[in-house]
Amino acid sequence: MKKHFFILLMISGINAFGQDFKTQIADYRKGYMDDFLKDPRSPLKKDDLQFLRFYDADSTYHVTAQASVLVNAQAFIMPVFSGTGSEYVPYAVLKFTLKGKPLELTVFKSTRLSKIPGYTDYLFLPFIDDTNGTTTYGGGRYIDLRTGDFKDGSVVIDFNKAYNPYCAFSSGYSCPKPPDGNRLALTVEAGEKLFGKEVKH
């Protein structure tokens with residue numbers, strides 16, 4: 001009887017975690033959509049938000065990565081889809097396992113943003129995966145991190161929070177292209193999908 005009770009407790013705990021995680025992602029996405037209405041440079045208006053599409057929240061895409069912070073890394077110009085590039089410095093190499101595959105991404109720090117109060121700890125994680133051009137934006141997606149997210153040589157990467165660059169919604173924006181080294185050879189079915197409305201470039 002005790003064994004069955006313990007199993008029930010485990011199952012209820014797993015279900016509670018799943019519900020809590022889905023609520024967290026739902027709250028995050030609400031904030032993400034609200035930010036479009038606060039940004040004066042936003043490509044989307046209130047009526048456009050209904051066309052934002054997302055994969056269902058999936059905790060298997062919430063992974064802990066081993067982080068190797070880089071010392072004296074050289075700044076470089078990250079290309080953009082249109083216009084001039086922006087200067088970034090590689091901040092750390094992240095190693096993790098997803099879908100049973102060992103993977104690696106580099107996270108970057110913008111030299112311009114690092115000089116702006118409120119953004120000094122901002123980090124930029126652009127990536128490409130096998131969903132690009134089919135169910136997600138062809139130019140790749142982004143994840144935001146902060147230097148304070150790094151603890152004891154590790155950091156959590158939540159692909160459920162992957163989002164589209166502004167270029168996915170409209171022309172006239174300079175969106176960084178994810179470096180070739182940040183290409184993941186698998187499908188990342190988490191985060192934001194293709195915009196559900198025709199985009200004119």
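Close-up 1. Tyrosine 122 counts as buried because its relative accessibility is 13% (buried means under 20% relative accessible area, exposed over 50% and partly exposed in between, with a 1.4 Å probe and protein chains only). Tyrosine 119, with a relative accessible area of 40%, is partly exposed. The two rings, of tyrosine 119 and tyrosine 122, have centres 6.4 Å apart and planes at 75°, so they make an edge-to-face pair. Rings of Phe, Tyr and Trp (its six-membered ring) pair if their centres lie within 6.5 Å; planes under 30 degrees apart count as stacked, over 60 as edge-to-face and the rest as tilted.

The model is predicted: local features need pLDDT of at least 70, side-chain atom pairs count only at pLDDT 80 or more, and totals for chains, interfaces and linings use all residues. Residues are numbered from 1 along each chain as its sequence is written, and side-chain values use heavy atoms, with hydrogens and water left out.

**Close-up 2. The aromatic pair of phenylalanine 36 and phenylalanine 169.** The count of aromatic pairs comes to 16. In one of them, phenylalanine 36 and phenylalanine 169 are edge-to-face, at 5.6 Å centre to centre and 90° between the planes. Phenylalanine 36 belongs to helix H1 (residues 2-38) and phenylalanine 169 to the segment after strand E7 (154-158), so the pair ties together parts 133 residues apart in sequence. Helices (H or I, at least four residues) and strands (E, at least two) are DSSP runs, numbered from the N terminus. Phenylalanine 36 is buried at 4% relative accessibility, and phenylalanine 169 is buried at 6%. Both belong to one aromatic cluster, whose members include Tyr32, Phe36, Phe51, Tyr88, Phe169 and Phe195.

**Close-up 3. Lysine 193 over the ring of tyrosine 55.** The charged end of lysine 193 lies 4.9 Å from the centre of the tyrosine 55 ring and sits over that ring. A charge sits over a ring if NZ of Lys or CZ of Arg is within 6 Å of the ring centre and within 35 degrees of the ring normal.

Close-up 4. Strand E1 (residues 62-69) runs antiparallel to E7, joined by 5 bridges; two strands pair if DSSP finds at least two bridges between them. Valine 63 has isoleucine 157 in E7 as its bridge partner. E1 also runs antiparallel to strand E3 (residues 86-98), with 4 bridges, and alanine 67 is partnered by leucine 94 in E3.

**Close-up 5. The surroundings of threonine 106.** Threonine 106 lies in strand E4 (residues 101-110) and is buried at 17% relative accessibility. Leaving aside residues up to four places away in sequence, threonine 106 touches Pro90, Ala92, Val93, Leu125, Pro126 and Asn182 (contact means heavy atoms within 4.5 Å).
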